[in-house]
Amino acid sequence: MRAIAAVLIALIIPAACLAGDFQIEEKADAIVVKSDGKLVTRYLFKERRPVFFPLVGPGGQSMTREWPLNPDSGKPESTDHPHHTGIWFAHGDVRNTPDEEFSDYWHKTTIECLGFMDFEENARKDTIVSQNKWIGNSGRPQARDRRVIRFGKDGNALWIDFEIRINAFKKKQVILGDTKEGTFSIRVPETMTIETNSKELRHLSKGDIITSEGITGKPTWGTRAKWCAYTGPVEGKDTVIAMFDHPDNPRHPTWWMARHYGLFGANPFGISYFEEKPRGTGDMVIPAGESVTFKWRLLFLDAAFDKEVVEKHYESFSN
C-alpha cells in the first residue's frame, strides 16, 4: 500500500511540491520557490557557489542588488564587488593544514552542489536539504557541508532559515581562517545603503543599519550583536532586512560584516579585523571527522523598522 501511495503522490505532484503556503520545484539549474503562485526566490545551485537570487520580499519588491546576476535590470546600481551575488554562504580563508596556502571561496574557488536529499518529502515541509563539496586551489575537496533551508511567512514577514553543518573528512581537519571575507551574506538594494560606492548614485542611498545593541550606521561594522538589520526604502516602500544569529551558534553573538555600501553578513571568524587582535585569533579548527553547525535567519519585512517587532521575530527564531 505504501508503494502504491508513493506512486500516486509522484503522479499528482511530479516536480512541484506544495509546501504549506509555498511551492518548491526543482529545475535543471535552480530550485524555484513560490508562494501563492508568485516567485519568492531561486536557489541557483549551478553557480560557482550556490546562491539565492532573486529574492522577492513580502511587499513584492526585489530585496537584493540585481547586478551582476541580472545586469540588464535597468535599475541604477553600483557595479563593485562582482562576487556579491544575491544571498550566499562562502568563506575567504579555508585550509586543511596551517602551513598550506588558503583557498578563497569568497572570491574564486568553488562550492559544488552534489544534490538534494529526499527532495519530494522535504519540499512538502517548506524545506530544501542539500549536500555540497568545497573544492580548493588544488582541485581536491577540502570539506563538505549539509544545508537545511526552510521558508516561512506571516503577514508582512517572510523569512529564510539557513542551517549549515560543515564537515571535515575523516583524515583531514578543516581550518576556517581569521578573515573579514565572509560568511553568510546578502547584498542589499542600492536604496537601502547608507552610502553607495558609486558617487553618481549616492542620492539613492536612504538606508540605515541598526543592531540589537543599539548601535547604528557605519559604526555597526565589526561589532557583536544577536541581530542586525538594514532598513530603508525599496521601490518606494519602507522595508527591513534583518539577520539573526542563533544562540546555539559557536561564538554567539556573532560579529557583523555590515558595510555602508550594502554588504550585509554574519562573520564569526574575522576577529583580528573587527577587534584589532593578532592575526589568527579568529581561526576555527574542525578536527578530522568532526563538524560545526551554524544557524541564521534572514527576515524580510514589508514595513518601517520597529525594534519590538524585530525582537519578537528573534525570540521566535531563537526558541
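**View 1. Contacts across the chain.** Among contacts in the chain between residues at least 6 apart in sequence, 59% join residues at least 24 apart; a contact here means heavy atoms within 4.5 Å. This is a predicted model, in which local features need pLDDT of at least 70, side-chain atom pairs count only at pLDDT 80 or more, and totals for chains, interfaces and linings use all residues. Residues are numbered from 1 along each chain as its sequence is written, and side-chain values use heavy atoms, with hydrogens and water left out.

**View 2. The whole fold.** You can look for four helices and 20 strands here; helices (H or I, at least four residues) and strands (E, at least two) are DSSP runs, numbered from the N terminus. How does the radius of gyration of the chain agree with that of a compact globule? A compact globule of 319 residues would have a value near 20 Å, and the chain, with 19 Å, agrees. The radius is taken over C-alpha atoms, and the globule rule is 2.2 Å times the number of residues to the power 0.38. Of the 319 residues, 53% are buried, where buried means under 20% relative accessible area, exposed over 50%, and partly exposed in between (1.4 Å probe, protein chains only).

View 3. A pair of aromatic rings is described by the distance of the centres and the angle of the planes. Rings of Phe, Tyr and Trp (its six-membered ring) pair if their centres lie within 6.5 Å; planes under 30 degrees apart count as stacked, over 60 as edge-to-face and the rest as tilted. By this rule the chain has 21 aromatic pairs. In one of them, the rings of Phe184 and Trp296 have centres 5.4 Å apart and planes at 15°, so the pair is stacked. Phe184 sits in strand β13 (residues 182–187) and Trp296 in strand β20 (residues 291–301), so the pair ties together parts 112 residues apart in sequence. Both Phe184 and Trp296 are buried.

**View 4. A tilted pair, Phe244 and Phe317.** Here the ring centres of Phe244 and Phe317 lie 6.1 Å apart with planes at 40°, so this pair is tilted. Distant parts of the chain are linked by the pair: Phe244 belongs to strand β16 (residues 237–245) and Phe317 to helix α4 (residues 307–318), 73 residues apart. Phe244 counts as buried because its relative accessibility is 0%, and Phe317 counts as buried at 10%.
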